[in-house]
Amino acid sequence: MRKEDCLFCKIVAGEIPSAKVYEDDRVLAFEDVNPQMPVHTLIVPKNHYDNIGDGIPDDEMGYLFNTVKKIAELKGIAESGYRVIVNTNDDAQQSVHHIHVHVLGGAPMNSGDPSAK
Ligand code: AMP
């Protein structure tokens, strides 16, 4: 399931390069091009869904979020801690409308600051 003119679908297809962190048959994780923290990795499902409200099947959603732990381990932040963010629609400033999980860490963060990515 791919959507035309979707940036992250193009990254999944290898048509736009990315700094890959992890890939399997269902998800791709790659470095955010504009990192907000020392570790800032994005995880996307290979299938296209606009956002968290786009009727994502439970198994797809579960797989996506279970990948977070893998990425935290690969990036060496599983023990130190990390923040997981899923921006959804305009008020949250979602800029790429293919659901993605931000995994942020590598340094202490402000607690609970909703504007911090
Ligand atoms: P959001 O604002 O939650 O939609 O996040 C979109 C994220 O995608 C931003 O943090 C961008 O820096 C990041 N981004 C945009 N284009 C690329 C790209 N080509 N490769 C990697 N990350 C990107």
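Predicted model: local features only at pLDDT ≥ 70, side-chain atom pairs only at ≥ 80, totals over all residues.
Residues are numbered from 1 along each chain as its sequence is written, and side-chain values use heavy atoms, with hydrogens and water left out.

**Around Asn51**

I placed Asn51 in the loop between β3 and α2 (helices are DSSP runs of H or I, at least four residues, and strands are runs of E, at least two, numbered from the N terminus). Is Asn51 buried or exposed? Asn51 is buried, at a relative accessible area of 11% (buried is under 20%, exposed over 50%, partly exposed in between, with a 1.4 Å probe and protein chains only). Setting aside neighbours within four places in sequence, I listed Ile56, Thr88, Asn89, Gln94 and Ile99 as contacts of Asn51 (contact means heavy atoms within 4.5 Å).

**The sheet**

Next I traced the strand order, β1-β2-β3-β5-β4, in an open sheet of five strands with antiparallel pairing (two strands pair if DSSP finds at least two bridges between them). β1 (20-23) and β4 (82-85) are at the edges with a single partner strand each, so one side of each has no neighbour in the sheet. From one strand to the next, the twist averages 20 degrees. Helix α2 (residues 58-74) packs on the sheet and touches β1, β2 (27-31), β3, β4 and β5, with its direction at about 155 degrees to that of β3 (axes are lines fitted to C-alpha atoms, for helices over the stretch in contact, and angles run from 0 to 180 degrees between N-to-C directions).

**β3 and its partners**

I looked at β3 (residues 39-45), joined to β5 (residues 101-105) by five antiparallel bridges. Thr41 has Val103 as its bridge partner in β5, and His40 has Leu104. On the β2 side, five bridges also join β2 to β3, again antiparallel, with Val27 opposite Pro45.

How many of the residues of β3 are buried? I got seven of seven. Val39, Thr41, Ile43 and Pro45 cover one side, and His40, Leu42 and Val44 the other.

**β4**

β4 and β5 pair antiparallel over four bridges, and Val84 stands opposite Val103 in β5. Which face of β4 is covered? I noted Arg83 and Ile85 on the covered face, with Tyr82 and Val84 on the uncovered one.
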